[in-house]
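Good morning, and thank you for joining. I would like to speak today about aromatic rings and the charged groups that accompany them.

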Amino acid sequence: MRTVAVVGASLAGLSAARSLRKQGFDGRLVVIGDELHRPYDRPPLSKEFLAGTLGEAELALETDGEDLAAEWLLGTRATGLDHTARTVRLTDGHEVRADGFVIATGAVARALPGSEGLAGVHTLRTLDDARALRDELARGGRLVVIGGGFIGAEVASTAYTLGLEVTVVEAASTPLAGPLGDTMGAVVSGLHADHGVRLLCGVGVKGLSGEHRVDAVLLEDGRSIPADIVVVGVGARPCVEWLAGSGIALDNGVKCGADGRTSLAGVVAVGDCANWYDPRAGHHRRVEHWTGARERPEAAVATLLAGGAVEPGVPRPPYFWSDQYGVRIQFAGHAAEADSVTVEAGSAEGRDVLAVYRRAGRPVAVLGMNQPRLFMRVRKELAATTS
Amino acid sequence: MMIPACRLADLPRGEAFRLDIDPPVSVFHTDDGEVFAIDDTCTHQDASLADGWLEGCEVECPLHASKFDLRTGAVDSPPAKLPVRTHEVVVEDGMIYVRLSTDAPNLPPCISARLAGGPA
């Protein structure tokens, strides 16, 4: 393999580029990114960066002096993959010809229909998004966050520390019920109330009001919540439209095997756009976690370089973290598989809980709030019992 | 400076002992029976590496995914970018002593600010 093109220059793309070099690939390496920025870290965007305690230079993922001997094509987007000609087409009209491709195009924040062009309405996914939101939050006022998931909760927490008046609107009856289950979703989202941030659950958003700038969020039950700034945190969808017509199998992202291989030879996919087969669960899962974007490229690159002749290892259970209102939240495993949840240390009321999720007595997931030591113990057990 | 940490017999293989000095230092007893000492705080964010995932000669930060080499202090991948200091370990009469490095530590921004007398 003489040339590899990595499409996507965020954490998953950079991790793939690093894995290629680490695994001995010494050919031409092209990294394509639609943003102008070099790879940067996203978790601080909703927290320290938004709060102004971390600058742009500290977001850089590459270390000082790191040189992957790669060609960086930044500020240009892939528009198509021609598998027969082995080229990827770019918005600037160029084509990159390669023997191997790593698809790492990530996901894009879902917007609220009808909010286009209305000032004061934000999503948060990229550095440019975060810059714009940071500048608005600095002016203060009333913030309404639509969506009580992790991004929404982190933005609410940060805005609260900046002194804004914050309301979170969540369509489901309990925020975070998807990733954490009802009981623990309620415990974690209870952090909002602990700090005087208003949480409205079980009500959908009908629309936004305002001429040029948003002035209120209109709820389906007829209420109108005044707002100077609105953040829409209602999830993300995989960026795979550009692969239409390429012949690659798509299903909630790029459909992959347990080793990252796609339906096309010499093409692997990693990160938020990739829907990997999970051998433990027996079905595909698309996991939008930092740790997955960091760890899985190693396996995918091994697959690519070996032409698919490697046995995929069993990945560790998915892991993510969130910092909200000064509380460190950590989670590993799959809550949806559990038939019971037990608090094993601390307490839900004390917001220092360690909760273990089990199915038929076997641990399948663990949640920790400010319990890093105990959390890590159970996380290790989880990896041992489920591998 | 030589600091007594703990008795080797009290530190099972696969476990870590945290010395509560400022900045804290941790002593690791690997599954292979070797003993190492490194700065306890991840260079990325305030987290105790003694709480981390010890595997072979590497410890993974309990919060994120950076791994530090106990022998060299080197870090393998983001979010941490700087190595941790390593300290010499001496075992004498069953007691583990740590000889503190005289290098400047690489501490995460919030801790550096605290040590400098600024806001935590």
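What we have before us is a predicted model. Over all chains, the count of aromatic pairs comes to seven.

Let me begin with A:Trp290 and A:Trp321. Their ring centres are 5.5 Å apart and their planes meet at 65°, so this pair is edge-to-face, given that angles over 60 degrees fall in that class. The two residues come from distant parts of the chain: A:Trp290 belongs to helix α7 of chain A, residues 290-305, while A:Trp321 belongs to strand β22 of chain A, residues 319-324, and 31 residues separate them. Are these residues buried or exposed? A:Trp290 has a relative accessibility of 12%, under the 20% limit, and therefore counts as buried. A:Trp321 is likewise buried, with a relative accessible area of 12%.

A:Tyr319 is buried, at 1% relative accessible area, and A:Phe375 is buried at 0%.

Elsewhere, the charged end of A:Arg38 sits over the ring of A:Trp72, at 4.1 Å from the centre.

Finally, there is a cluster, in which ring pairs link A:Phe150, A:Phe320, A:Phe331 and A:Tyr357. Thank you for your attention.

Key: Residues are numbered from 1 along each chain as its sequence is written. Chains are lettered from A and ligands numbered from 1 in the order in which they are written. This is a predicted model: local features need pLDDT of at least 70, side-chain atom pairs count only at pLDDT 80 or more; totals for chains, interfaces and linings use all residues. Side-chain values use heavy atoms; hydrogens and water are left out. Rings of Phe, Tyr and Trp (its six-membered ring) pair if their centres lie within 6.5 Å; planes under 30 degrees apart count as stacked, over 60 as edge-to-face and the rest as tilted. Helices (H or I, at least four residues) and strands (E, at least two) are DSSP runs, numbered from the N terminus. Buried means under 20% relative accessible area, exposed over 50%, partly exposed in between (1.4 Å probe, protein chains only). A charge sits over a ring if NZ of Lys or CZ of Arg is within 6 Å of the ring centre and within 35 degrees of the ring normal.
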